[in-house]
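Here are a few notes to read with the model open beside you.

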Amino acid sequence: MPEQPSSRIDLTHNPAALKALTHPLRVRLLGLLRSEGPATASELAAATGETSASTSYHLRVLARHGFVSEAPARDARERRWQAAHTLTTWDSEALLDQPGAEVFLATTRRQQVDHLGRTLDRHEADLAAGRLDPAWRAAAHLDDYEVRLTPASAAELGREFAARAAELAARDAGSPEAARVVVVTAALPVADHPARTAEAPDTRPAQDGETP
């Protein structure tokens, strides 16, 4: 996908746009346009297993709320779509005051989990087919940790991770060794099980493929 100027759409005080992204297919269509570049409804239907009529309808909904726009067509018969922004952002605390916020968060989080699974499949296939430098076998990683944090610390962790990722991406911009890297982060608190509250938590880093 060609480089785009960094731009954002903020949903914090936009309940209509927020509601539009409570449909899982719309979240996926927007993600595909951002990662793979402009496409027609038919191309997106093939990528998602949906009908062209369905993807066309949902693209029009996304366009109505400013998420996508028409892209230059390759010929007079087709209608191509492109993402209007590179990122969707929101203020989590303020967002929860908006109608439909809980549904939106649940939908997008589940889509991110699904996206991670599809990315893992693609990563393994690209390595097996020799489409990636062998150095990525050691550099790629999928880790999970279980630590005890306050809400403030969990929020700080997310901000610092995002800032560091942006810093490294800027440093590697234009490098012939750079490849597209899908980065997924999560900080999901869970309540202690009553029978385990007296046990000390295991804070050691988990290994690839290991679940605490």
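1. First, a term: a residue is called buried when its relative accessible area is under 20%. Keep in mind that this is a predicted model. By that cut-off, the buried residues of α6 are Ala101, Phe104, Leu105, Thr107, Thr108, Gln111, Asp126 and Leu127. They pack against α1, α2, α5 (92-95) and α7 (136-139).

2. Have a look at Gln111, which lies in helix α6. Its relative accessibility is 13%, and it counts as buried because the cut-off is under 20%. Beyond its neighbours within four places in sequence, Gln111 is in contact with Pro24, Val27, Arg28 and Arg118.

3. How far apart are the end C-alpha atoms of α6? They are 41 Å apart, which agrees with the 40 Å that its 28 residues should span at 1.5 Å a residue. After α6 comes Gly130, with a positive phi near 75°.

4. Now the largest nonpolar core, which has 26 residues. Leu11, Leu21, Leu33 and Phe67 are those with the most contacts inside it. Two or more residues of this core come from each of α1 (15-20), α2 (24-36), α3 (41-48), α4 (52-64), β4 (80-83) and α6 (101-128). The most come from α2, which gives six residues.

5. Phe67 deserves a click of its own. Which residues is Phe67 in contact with, leaving aside its neighbours within four places in sequence? The list is Ile9, Leu11, Ala17, Ala20, Leu21, Leu30, Leu62, Gln82, Ala83, Ala84 and His85.

Definitions and conventions:
Residues are numbered from 1 along each chain as its sequence is written. This is a predicted model: local features need pLDDT of at least 70, side-chain atom pairs count only at pLDDT 80 or more; totals for chains, interfaces and linings use all residues. Side-chain values use heavy atoms; hydrogens and water are left out. A nonpolar core is a set of buried Ala, Val, Leu, Ile, Met, Phe, Trp, Tyr and Cys residues joined through side-chain atoms within 4.5 Å. Buried means under 20% relative accessible area, exposed over 50%, partly exposed in between (1.4 Å probe, protein chains only). Helices (H or I, at least four residues) and strands (E, at least two) are DSSP runs, numbered from the N terminus. Contact means heavy atoms within 4.5 Å. The expected span of a helix is 1.5 Å times one less than its number of residues.
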